[in-house]
Amino acid sequence: MSRHFRVWRGDSSGGEIRDYDVDVNDGEVVLDIIHRIQATQAPDLACRWNCKAGKCGSCSMEINGKPRLGCMTRMSTFEESETVTITPLRAFPVIRDLVTDVSFNYTKARETPAFSPPEGLAPGEYRMQQIDVERSQEFRKCIECFLCQNTCHVVRDHEENKEAFSGPRSFIRAAELDMHPLDARSDRKEYAQANQGLGYCNITKCCSEVCPEHIKITDNAIIPLKERVVDRRYDPLVWLGRKIFRRDQLAEAPPAGVAPDAHLDVGEMLSTQSGGPSPFGDDQTFPLTDITYQHPAPGSPSREG
Amino acid sequence: MKERIERHLYDVVVIGAGGAGLRAAIEARLAGKRTAIISKSLFGKAHTVMAEGGAAAAMGNANSRDNWMVHFRDTMRGGKFLNNYRMAELHAKEAPERIWELETYGALFDRTPDGKISQRNFGGHEYPRLAHVGDRTGLELIRTLQQKIVSLQQEDFAETGNYESRIRVFSETTITELLLDGDRVAAAFGYYRESGELILLEAPAIVLATGGVGRSYKVTSNSWEYTGDGHALALRAGATLINMEFLQFHPTGMVWPPSVKGILVTESVRGDGGVLRNSDQKRFMFDYVPDVFRKQYADTEEEADRWYTDPDNNRRPPELLPRDEVARAINSEVKAGRGTKSGGVFLDVSTRMPAETITRRLPSMYHQFKELADVDITKEPMEVGPTCHYVMGGVEVDPDTAAAAGVVRGLFAAGEVSGGMHGSNRLGGNSLSDLLVFGKRAGEHASAYAESLDKRPKVRTADVEAAAGAALAPLHRESGENPYTLQQDLQAVMGDLVGIIRREGELTDALKRLHELKLRVANVGATGGRRYNPGWHLALDLRNMLVVSECTAKAALEREESRGGHTREDFPTMNPQWRKVNLVCSLDDMGEVHLERKPLPAMRPELLELFEYGELTKYMTDEELS
Amino acid sequence: MTTTVSRPGAKRAAIAARTLRTDRWWLAPLITFAGLSAWVLYATVRVFMHKWYYVPDYHYLTPFYSPCLTDRCIEGSAEFGTPLPSFWLIPEAAFTLPFLLLFRLTCYYYRKAYYRAFWLSPPACAVPDAHAKYTGETRFPLVFQNLHRYAFYAATIISVINTWDAIRSFGTGFGLGNVILSANVVMLWAYTLSCHSCRHIAGGRLKHFSKHPVRYRFWTFVSKLNARHMLLAWVTLGTLALTDFYVMALAAGWWPDLRFIS
């Protein structure tokens with residue numbers, strides 16, 4: 001069954017959308033079609049791919065204008081008579097055909113301060129609870145397909161913002177580390193705000209929409225990060241809580257080290273603890289240890305029944 | 001016209017950016033060496049991401065009785081005692097440290113209730129042993145190592161103002177040749193895939209971590225990168241390969257639809273009632289019950305069907321025969337012309353149980369097929385056939401230093417590209433820990449070797465010119481043969497003749513055809529220029545695939561027994577005499593493959609004592625035991 | 001930062017079409033635009049009508065006028081005194097409406113909705129932004145979106161007042177109006193508690209859930225609600241308008257309340 005495809009061919013000096021008629025079999029995905037074009041019509045058609053199972057995030061492309069993974073876009077989702085147009089990612093410079101230069105993402109990843117291991121813990125001594133690692137684990141599902149970076153209008157439509165804005169992929173990395181139970185740095189959110197351009201995000205959620213791993217980028221990473229920034233900078237109750245519970249009398253933690261080229265606003269170092277103090281005090285753990293409970297005698301029915 | 005060749009100087013060059021390569025690079029950089037990492041695809045996309053199960057390490061978090069000795073025992077049993085015992089020993093001893101180390105790099109494994117790393121059960125492991133993160137452990141591992149490298153680059157940046165001053169990643173770069181100075185490694189030569197420009201990385205020590213060879217097979221779970229580059233580079237540099245006849249196949253991989261070709265169908269599909277049918281809709285497994293199994297397996301469909309609900313009074317359905325029997329049966333049906341169009345058989349659960357039962361019992365299978373291929377396994381049968389998964393064989397290395405054996409110095413290998421560790425069959429979960437343990441060792445010893453040299457080996461201009469000529473040759477043969485056709489032909493030869501079940505006649509035939517292919521590959525052509533040209537890249541990879549395939553075919557023909565990942569229909573049993581033998585593959589100056597037998601190193605007595613005498617008698621000859 | 005992000009001279013693929021999307025991507029923003037515009041129009045008209053907001057017989061007060069604080073407030077509708085003068089520009093609920101407006105304007109869902117539907121930045125994913133320049137929420141005035149936390153605290157207090165209104169209306173019996181008022185209050189609470197700020201305060205800000213089991217459970221609950229924040233945002237627009245319209249109809253005498261118990 002032959003169907004009509006349009007594929008962008010060219011490089012940074014220019015290009016055009018070319019037409020191909022390709023046989024399509026049942027159960028195939030767009031990447032299979034690209035491979036068939038390579039094998040039968042255009043051996044030099046450039047396209048990245050690796051695992052072909054949605055696990056490596058290499059075959060990012062735009063299919064009928066939507067950023068998708070070629071290996072996860074089934075041909076059965078299109079009408080039989082429908083023309084399928086395949087173009088390279090738009091937000092990045094093109095190298096050739098469907099291959100783009102995604103170094104922007106690697107540059108930004110390299111600028112994000114890495115995991116900072118806790119002092120005094122040897123390998124093998126790390127203890128973390130499952131509920132504490134789950135939030136960060138969601139972000140570590142990321143396969144770095146960069147579809148979110150490509151879709152985000154902040155850089156897709158405004159090349160000039162690439163300098164100041166690191167994109168959703170960097171935000172989930174920042175959130176992952178900020179929520180990591182043992183990460184020793186406490187300035188992740190300030191860094192995101194000051195150096196990654198968190199404020200540029202206007203939470204229009206396209207990153208979450210295109211994520212093939214279904215990571216809730218906006219709801220679980222970007223908004224919590226924004227809220228954590230608010231904790232430090234804008235929240236009146238947190239300020240009041242600090243006054244009442246005399247958190248301000250605690251020794252101010254020294255400002256965490258910042259990358260040599262990063263600068264930190266003094267106003268952002270007001271709080272002594274990451275995430276700001278809790279109304280109960282962040283040094284308080286539950287159940288409260290210094291309270292004596294009247295425990296029921298063993299065997300007697302508990303009050304709740 | 002004179003070619004422009006970009007030239008770099010490094011202390012250690014690591015070829016391959018999967019788990020083993022990155023771990024080796026981290027170690028080399030920690031040893032203070034200027035290190036380059038060569039990645040064939042983008043940084044962080046390596047095939048390691050496909051590993052789902054976990055990383056085996058005897059940390060004893062789930063069962064405190066677990067320790068390295070138990071792990072060692074399991075590994076040797078899995079490999080049918082053909083493993084290099086020293087590698088298995090080091091692996092079992094060092095795996096826990098390597099896993100814990102990952103946590104200091106930021107890895108987040110699933111946890112036990114007391115906050116330690118959770119460990120899960122897996123086939124062949126006596127205790128729950130696999131550290132895991134859901135079913136994406138490989139991704140976690142590669143991402144963690146990738147981020148550790150970034151972290152090291154940040155340290156270097158703080159010190160020198162340049163992220164790449166001590167460790168640099170060359171992404172989308174392929175190495176086509178290793179250049180020597182006498183018997184010493186002097187440089188790696190290759191090209192940037194992106195621009196097609198040539199690159200020369202001079203370094204006294206080179207670590208190979210290029211993974212496996214699965215792309216030579218028609219049905220494989222491996223990605224395009226797995227073309228045996230490291231195996232071939234090592235051979236051409238004068239190193240040797242061992243155990244190349246051992247490939248891990250799974251009897252039921254998907255063969256259709258193409259979008260899921262090669263993906264594994266878990267054996268529990270058959271355990272839960274899935275049946276195998278040929279194109280005549282016949283449940284053919286009843287014809288393939290070997291006499292030794294007659295007592296345990298049902299003769300009639302009625303009895304077999306009763307077993308699922310009443311296993312005590314009925315015999316098992318023949319679909320549940322051991323893996324190699326199932327594979328052999330599928331293979332025979334397909335070869336007899338009763339297979340499906342795409343060369344498999346039907347595996348059907350849809351007519352066997354209601355849809356709700358299927359989705360409840362096999363949720364991940366159901367979703368995998370629904371999402372990746374739009375196949376509803378509750379409505380239609382799957383098409384399955386044996387799929388190539390992992391190569392146990394590889395570069396023969398010194399167990400402690402990971403230095404390649406043979407006549408070359410300064411070459412190291414770790415991960416799937418190295419051989420010996422897994423013997424004739426690999427246990428699930430042992431590959432991820434293998435990467436870490438021997439990746440670290442390779443990096444460490446490559447650095448030490450580089451340190452020990454008084455002067456750097458020199459590259460000869462003539463060698464560089466020859467390598468450049470060879471790399472660009474396909475581009476000058478515009479009317480040469482289509483590389484995609486050649487690849488398909490190679491895959492057909494390997495898949496049909498050197499596949500999961502092997503016979504002498506077919507192997508001889510395969511060698512003849514491989515020889516013909518060799519002549520055709522010498523004439524392969526590529527159109528379309530040098531910029532990101534996949535046709536050209538494939539044309540260059542073909543050479544590697546071919547030489548490695550020849551090693552596999554030769555060794556498979558030579559080894560007249562069945563053991564682990566090597567099944568000979570004409571020699572169906574394990575032979576203790578063959579256990580003592582490693583088949584070692586090398587290349588002569590004319591580019592011809594040679595095979596020789598070498599004795600397997602004998603296990604140290606204190607390790608032997610870990611096994612019961614009765615067990616050893618199954619594997620060893622009488623004189624070994626006495 | 002001074003890194004060169006992309007190689008000099010590197011260009012994006014030259015694709016003439018501004019978007020190649022073939023689906024009806026414009027439909028969602030269009031519906032949002034129409035829905036929000038209609039609601040704002042209705043609410044504005046109602047707020048400045050200054051009548052038909054209270055049903056004395058059953059103590060039904062529309063949420064648009066709660067609490068009623070001007071001299072104009074009719075007998076029984078003012079629960080908290082009448083400190084404000086009656087000037088037509090001052091709404092009856094002048095102390096609460098601005099905060100409610102702020103709460104919804106700075107709400108993380110509504111931001112998405114109006115940035116897409118009204119500001120076209122971007123109208124839909126992979127469809128170009130309608131503006132040449134973009135600075136997001138980094139500077140005045142949009143930096144004030146960060147006030148959402150304050151607005152959330154205010155909205156919680158206002159929800160308490162609305163709850164009181166609903167409870168008070170049970171004093172005279174039980175009718176359809178009570179059902180509508182109560183349903184509205186329940187949805188308002190659901191919307192308010194599902195707010196991203198609430199989720200953060202409840203537990204999202206913690207680094208170690210395991211040390212705060214109570215807050216973890218609260219966070220889990222709010223997270224479930226939060227997943228439906230968009231739905232609740234629209235449902236509450238509906239219930240608010242419906243409640244107000246029903247009270248208006250009763251107050252204007254268009255139809256009588258359906259009484260179950262009087």
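1. Leu411(B) and its surroundings. Apart from neighbours within four places in sequence, Leu411(B) is in contact (heavy atoms within 4.5 Å) with Leu178(B), Val185(B), Ile206(B), Leu208(B), Ala234(B), Ala237(B), Ala239(B), Ala402(B), Ala403(B) and Ala404(B). Buried means under 20% relative accessible area, exposed over 50%, and partly exposed in between, with a 1.4 Å probe and protein chains only.

2. Basis of the model. This is a predicted model, in which local features need pLDDT of at least 70 and side-chain atom pairs count only at pLDDT 80 or more, while totals for chains, interfaces and linings use all residues. Residues are numbered from 1 along each chain as its sequence is written, chains are lettered from A and ligands numbered from 1 in the order in which they are written, and side-chain values use heavy atoms, with hydrogens and water left out.

3. A buried arginine. Arg559(B) is in the loop between helix 15 (534-558) and strand 20 (567-568) of chain B. Helices (H or I, at least four residues) and strands (E, at least two) are DSSP runs, numbered from the N terminus. Is Arg559(B) buried or exposed? Arg559(B) counts as buried because its relative accessibility is 0%. Its side chain reaches the backbone oxygen of Val581(B) at 2.7 Å. Leaving aside neighbours within four places in sequence, the contacts of Arg559(B) include Leu82(B), Glu245(B), Phe246(B), His566(B) and Arg568(B).

4. Chain A in outline. Chain A has 10 helices and seven strands. Of its 305 residues, 60% count as buried. Among contacts with a separation of 6 or more in chain A, 62% join residues 24 or more positions apart. The accessible surface is about 11800 Å², and 51% of it belongs to carbon and sulfur atoms. These areas come from the Shrake-Rupley method with a 1.4 Å probe; for residues, only the protein chains shown count as cover.

5. Helix 2 of chain A. This helix, residues 103-111, is mostly covered, with seven of its nine residues buried. The buried residues are Phe104(A), Asn105(A), Tyr106(A), Thr107(A), Lys108(A), Arg110(A) and Glu111(A). What do they pack against? Within chain A, their partners are helix 4 (147-151), helix 5 (153-156), helix 6 (168-179) and helix 7 (188-195). Helix 4 (137-160) of chain B joins them.

6. Chain C in outline. Chain C has eight helices and four strands. Along the sequence, the pattern is α-β-β-α-α-α-β-α-α-α-α-β. The C-alpha trace spans about 75 × 50 × 35 Å along its principal axes. Of the 262 residues of chain C, 49% count as buried. Chain C exposes about 12500 Å², with carbon and sulfur atoms supplying 72%.

7. Aromatic pairs. Rings of Phe, Tyr and Trp (its six-membered ring) pair if their centres lie within 6.5 Å; planes under 30 degrees apart count as stacked, over 60 as edge-to-face and the rest as tilted. By this rule there are 39 aromatic pairs over all chains. Tyr53(C) and Tyr65(C) are stacked because their ring centres are 4.4 Å apart and their planes stand at 5°. The two residues are 12 residues apart and link distant parts of the chain. Tyr53(C) is buried at 4% relative accessible area, and Tyr65(C) is buried at 1%. Phe209(C) and Trp219(C) form a tilted pair, 4.6 Å centre to centre with 35° between the planes. Phe209(C) lies in the loop between helix 6 (196-204) and helix 7 (213-226) of chain C and Trp219(C) in helix 7, so the pair ties together parts 10 residues apart in sequence.

8. Charges over rings. A charge sits over a ring if NZ of Lys or CZ of Arg is within 6 Å of the ring centre and within 35 degrees of the ring normal. The charged end of Arg135(A) sits over the ring of Trp219(C), 5.8 Å from its centre. Arg104(C) lies over the face of Tyr191(C), at 4.3 Å from the ring centre. Tyr191(C) also belongs to an aromatic cluster with Phe103(C), Tyr109(C), Tyr110(C), Phe152(C) and Tyr153(C).

Technical notes: Polar contact = N/O pair within 3.5 Å; in protein donor to acceptor, adjacent residues only side chain to side chain.
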